[in-house]
Amino acid sequence: MVSQASSPSLLEALSSDFLACKICLEQLRAPKTLPCLHTYCQDCLAQLAEAGHLRCPECRETVPVPPAGVAAFKTNFFVNGLLDLVRARAGGDLRAGKPACALCPLMGSASAGGPATARCLDCADDLCQACADGHRCTRQTHTHRVVDLVGYRAGWYDEEARERQAAQCPQHPGEALRFLCQPCSQLLCRECRLDPHLDHPCMPLAEAVRARRPGLEELLAGVDKNLAELEAARMVEKEALSQLREQAARVGTQVEEAAEGVLRALLAQKKEVLGQLRAHVEAAEEAARERLGELEGREQVARAAAAFARRVLSLGREAEILSLEGAIAQRLRQLQDCPWMPGPVPGLLPQLELHPGLLDKNCHLLWLSFEKQQPQEDSGKEGAGSQGGEETTGQRGDEAKTERQSEVQPQSKDGAQTPKENGAQMPKEDGAQTPKVERAQALKEDGARTPQEDWEDQIPRGGRSNKKRKFKGRLKSISREPSPAPGPNLEGSGLLPRPIFSCSFPTRMPGDKRSPRITGLCPFGPREILVADEQNRALKRFSLNGDYKGTVPVPEGCSPCSVAALQGAVAFSAGARLYLISPDGEVQWRRALSLSQASHAVAAMPSGDRVAVSVSGHVEVYNMEGSLATRFIPGGKANRGLRALVFLTTSPQGNFVGSDWQQNSVVVCDGLGQVIGEYGGPGLHGCQPGSVSVDKKGYIFLTLREVNKVVILDPKGSLLGDFLTAYHGLEKPRVTTMVDGRYLVVSLSNGTIHIFRVRSPDS
């Protein structure tokens, strides 16, 4: 029987993955194993050795070099054995190898043997054409299977060779196994059948297989049933987890909307109260200015009259004084009888009165309740399910309302309950009320509205549209650490771009041999993304709706790490090389990069005709022809050796944004390397900065994998706050990208992709 599928696939996997050097990307030559159990070529390790040490390119562990050099590292004989197997079985050009006949030297030939053209599957020898013809004619070997060497190396006869080798009796060479001894459960040849097992009941192999096959098939059917049940349970579990994540994302969005609504209402009330305060002060100042003018006029008249009278009395003669005495007395009497001070003006001093709930630490405007998740019998009947949920909620409405009022309603410091949405009055204590409560009730009696009611009217009703959510507990953050307060550049508004969940989909395809490991994302065409799956050595295309669009072919043996789309081309890094290929997979050029960095981040320039790559702490920019256009170190030459840019992206404004693992910061620089801003504060929670993306307005989205967050920074690198958390279904996010400046694509460690629409605060 000829097998053309099983063996070649195994050989391809061995030759292209396990037996390939991760440094030169070629088949291992003189393989040497480091103490960390990573294997490389001896010559490649010699290039990495420096000052008696070398760092493993994969795990970054520092290894001391033996005194005798890298040749003293342990030789990997296991890999050598596999390489011998691959060399013997791998298909290829026979003219390059020219294998020699194994029998010619044994027959006394002076030469090393003619070129082999056939192979005996029983003897495992390569034969020339003459020896192959003689091998078929001798009495001892005329039953041997001699096949074409090209077909053997292509794997066409692997199954037949395995059957012939496995069917030989170990006690009697040359005899095939033909019987099964039932008492001993042992395979026998004809010699074994006639000697020790002569009295035992035996069956031919074919008959024994027919007799035992039903039992095995029955057991297999039982296992298949268990597998079906396990698969169904796994699907239910995944559906429940997906439902939980979607619900958490919706609730998180509602919390954001409700908080922003409360903030907008508070800001509106702030504006209104400050306006009232300004109007009151302006009116009082105007009245005071009028009174001051009148008083100043009267004061001037009185002072002038008094000064004239005083001069006459001190400097005038008797006749002069007596002649003016009547006029002076009349004027002074007139001024004396005039009221000098106007009546007391009632002054109204403004005082701020706060709602009791604002002073109560136990008063919460937002809280959560947790209900038992109901299994979905039919996901296609979503509308009917939602109607049923509303009916159930309506039946429990009175119970939920009573429960909220009796158990969950927070208490204020003075023992009174804070008002609820129904506008309940504050209870009295010993027949007395506080001044604030009296004012609140007075406003109600006069037909006015309390500040709490104004807040509730301005909060978006979408946050309470689903009556099924009864907020019983307090809001608790799922993230490991709270984020610091937003920076001062928010000017107190607190309004940030917020995520709107779009869709989620897996990236593992039926042809994948391993679980995906997404190491790169980039936009690709209209509403498409390109996914670099390093584990399966593929560049996969998906739409923003999760539809699989095929792959972009990559050169054989390449494992794409970071990827970027240019005008009519795709750039990606693999190992220590940078490739530029066409959408059809044709390699246009490739460039060797530094070996001191395990991975190299790639980013497309906004113009689409250049590609930037991070190399050992600096950035290199190449044009479409593969020529180096520019090269710079963020911060200039003074930072040489102090940077390690693991992730890199560009902004629409032409700036570079990178995650610096050596400085543990996010750095923003222009096209000349001048640093515009850098952030390494407590907002990173002590984590290494991860993947970075930039939207059309220049906002920076930074991934923090360890705490399951994506935080947002302003265009100059100042932290603004959290954008995505575990509420939105983040579980160990790896890389992100921005599509059309308004769709944030996030890949998780399990190969799943989440897509969020970035909603700006002014939209």
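Biologist: In this predicted model, is R264 buried, partly exposed or exposed, and which relative accessibility places it there?

Modeller: A residue is called buried under 20% relative accessible area and exposed over 50%, with partly exposed in between. R264 has a relative accessibility of 41%, so it counts as partly exposed, whereas E260 has a relative accessible area of 8% and is therefore buried.

Biologist: What do the side chains of R264 and E260 form where they meet?

Modeller: The general idea is that side chains of opposite charge can pair when their charged atoms come close. In this structure the side chains of R264 and E260 meet in a salt bridge, with 3.8 Å from N to O. The two residues are 4 residues apart in helix 9, which means that about one helical turn separates R264 and E260.

Biologist: Which residues are linked with R264 and E260 in a network of salt bridges?

Modeller: The network of salt bridges links E257, E260, R264 and R498. Within it, the side chains of R498 and E257 meet in a salt bridge, at 4.0 Å from N to O. Because R498 lies in strand 14 (residues 498-506) and E257 in helix 9 (residues 205-315), this pair ties together parts that are 241 residues apart in sequence. R498 itself counts as buried, at 11% relative accessibility.

Biologist: How many salt bridges does the structure hold, and where do R517 and E534 lie in the chain?

Modeller: The structure holds 18 salt bridges, and one of them is formed by the side chains of R517 and E534, at 3.2 Å from N to O. This pair links distant parts of the chain, 17 residues apart: R517 is in the loop between strand 14 and strand 15 (518-523), and E534 is in the loop between strand 16 (528-533) and strand 17 (538-543). With a relative accessibility of 34%, R517 counts as partly exposed, and E534, at 22%, counts as partly exposed too.

Biologist: Turning to the backbone, which phi does L37 have, although it is not a glycine?

Modeller: L37 has a positive phi of about 70 degrees, although it is not a glycine. The residue is found in the loop between strand 1 (31-33) and strand 2 (39-41), and at 69% relative accessibility L37 counts as exposed.

Biologist: And where is D740 found?

Modeller: D740 is found in the loop between strand 35 (733-739) and strand 36 (743-748). D740 has a positive phi of about 55 degrees although it is not a glycine, and with a relative accessible area of 45% D740 is partly exposed.

How values were computed: Residues are numbered from 1 along each chain as its sequence is written. This is a predicted model: local features need pLDDT of at least 70, side-chain atom pairs count only at pLDDT 80 or more; totals for chains, interfaces and linings use all residues. Side-chain values use heavy atoms; hydrogens and water are left out. Buried means under 20% relative accessible area, exposed over 50%, partly exposed in between (1.4 Å probe, protein chains only).
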